[in-house]
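Hi,

Here is the structure I promised to pass on. Have a look at it first, and my notes follow below.

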Amino acid sequence: MQAVKMVITGPFSAGKTRFIGTISEIDVVSTERRITTSAEQIKDNTTVAMDFGRITVDDDLVLYLFGTPGQRRFDFMWDILSQGMLGFVVMIDSTKPETFREAKRILETFESYASTPYVIAANKQDMEDAWEPEDLRIILRLDSSIKILPCIAGNKESVKNVLLELLYSILEQIDQQEAQNQTD
Amino acid sequence: MALKGNLRDFSTTQLLNLINLARKTGTLTIQDEDAQPNATACMSFKEGKLIYAHTGDESNNLAKILETTGKLTAEQARVIQTKAKGTNNKQLGYLLIQAGLVTQQDITQSVRHYILEVVYKLFTWTEGLFRFDANELPADHQITISIDLESVIMEGSRRLKEWEILQEELPDLDVALKFTDRPDARLQNINLTVEEWRVVSFVNPRNTIKQIAKANNLSDFEIRRIVYGMLQAGLVEFSRSVKTAVSPSQATAPTTKPQDTRQPIEQQPPAVKRSIVVRLIDRIRGI
Ligand SMILES: Nc1nc2c(ncn2[C@@H]2O[C@H](COP(=O)(O)OP(=O)(O)O)[C@@H](O)[C@H]2O)c(=O)[nH]1
Ligand SMILES: [Mg+2]
């Protein structure tokens, strides 16, 4: 039985929990409530807000979705989480420009951990004041090769689309590497 | 004349009680002949207070201790251990503080944690030769602290009970875990500690519980406690497919040096095959 993993990251309240909950076949394990009341310092018994969801493919393949904790003081968890991931999704609350800079920082951190493909989900597109994906590209100064996908985290088709686009990018990377190996 | 005997007849709890009540000064050495190498532990006392402890292996190196408590990263600890070879713990402590890598408090807390872990582990030993050498104390260059034995005895006894239960529930650490397959698993509102999340991120049919413990610097007791909790919560279950996945090099893990203990674990799955991605795509399209 093989287990593969994808990481869903992004600033606090971007929609990570909602996103994983929409597609996961198990109730999302989320520890958010506890975290808001816990003290600033990480003590041994401090719990970390992180989501965990699952999609079973067949008897011997399962995909896990890990949502990262939003708070900065849990940054060290990212390193642990990114180990061995297939790819990652950076979620952005398109209605909150004040979080865009933070989203970019998170993106860059994850990029430095692994050279796995990623996509950006411009979330909350159902809301009136949501920025359009292409405007986000400009303001975040993201290369045209990076996929920025419109997203509504509570909508199954929308979530499927984001995950599929990420998988297509992963496939592309595999094909490129294989092509390169053949020319080597 | 030294106090001598076997833990079969005289438990760790009783020995510590004696040392505490008689306010003894000296070093207690316990040796478990049946266990693998390294099964020697020494504890030193000054007027009935615990001041130092270490096991027979190299784990009492300060860099290693600070790594275990997360004050140094694995990489930092490795570099320091190579560069500062031959430097004793006290000197090393000064150097690290001066370099701004850790604080005095980090060192005290970490050494305290290390000492207590060694001692608590001894509570679970049921056999082994012991010897108390009066007035023998650790070398001057060791970092010592002072801990009341009453609290140590209480916590140790508590852990011993827990240990016995855990041992019974989870006798074999050479099995792997996987996330539960039961769709009815009650997974809501599980609160996991940082340590537990670390373990969670290694859950994979290819990693045995023992390997996960090593990769996270957790003792047998600590990993048992975490895994037991996760089993109880229905988050994970045992995976039977591990045997086929353990390579010969992994099977010989117990003889590898401490520095090598991180390697057997599978952190980075092999390059993902195209066919797997295709299967994932098909599955998600069908949702
Ligand atoms: N309108 C709308 N609300 C959303 C969307 N995604 C998430 N939310 C809401 O935004 C809030 C934060 O979402 P949550 O998933 O908890 O964010 P997290 O901190 O990233 O896990 C919740 O109240 C969600 O219901 C979306 O696509 N549209
Ligand atoms: Mg959340």
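Which residue takes a positive phi just after α4(B)? That one is Gly100(B), with a phi of about 75°. Bear in mind that this is a predicted model.

α4(B) covers residues 89-98, and its buried residues are Asn89(B), Leu92(B), Gly93(B) and Leu96(B). Viewed down the helix axis, those buried residues stay within an arc of 105°, so they line one face of α4(B). Cover for them comes from elements of chain B including α2 (62-68), α3 (74-83) and α5 (104-122). Turn to the face pointing away from the buried side and you'll find Tyr94(B) and Gln98(B), both exposed. At the start of the helix, Asn88(B) has a side-chain oxygen within 3.1 Å of the backbone nitrogen of Lys90(B).

Now over to ligand 1. There are 15 residues around it, and the ones that come nearest are Ser13(A), Lys16(A), Thr17(A), Arg18(A) and Asp126(A). By class, the shell has six nonpolar, four polar and five charged residues. Its largest share, three residues, comes from helix α1 (residues 16-23) of chain A.

- Ser13(A): a backbone N or O atom lies 2.7 Å from an oxygen atom of ligand 1.
- Lys124(A): a side-chain N or O atom is 2.9 Å from an oxygen atom of ligand 1.
- Asp126(A): a side-chain N or O atom is 2.9 Å from a nitrogen atom of ligand 1.

On its own, ligand 1 exposes 580 Å², and the protein buries 74% of that.

Cheers

How values were computed. Residues numbered from 1 in each chain as written. Chains lettered and ligands numbered in written order. Predicted model: local features only at pLDDT ≥ 70, side-chain atom pairs only at ≥ 80, totals over all residues. Heavy atoms only, no water. Buried < 20%, exposed > 50% of the residue type's maximum accessible area, 1.4 Å probe, protein only. Helix = DSSP H or I, 4+ residues; strand = E, 2+ residues; numbered from the N terminus. Arc of directions from axis to C-beta. Contact = heavy atoms within 4.5 Å. Polar contact = N/O pair within 3.5 Å; in protein donor to acceptor, adjacent residues only side chain to side chain. Near = heavy atom within 4 Å. Areas by Shrake-Rupley, 256 points an atom, 1.4 Å probe, with all protein chains shown as cover. Nonpolar A, V, L, I, M, F, W, Y, C, P; charged D, E, K, R; others polar.
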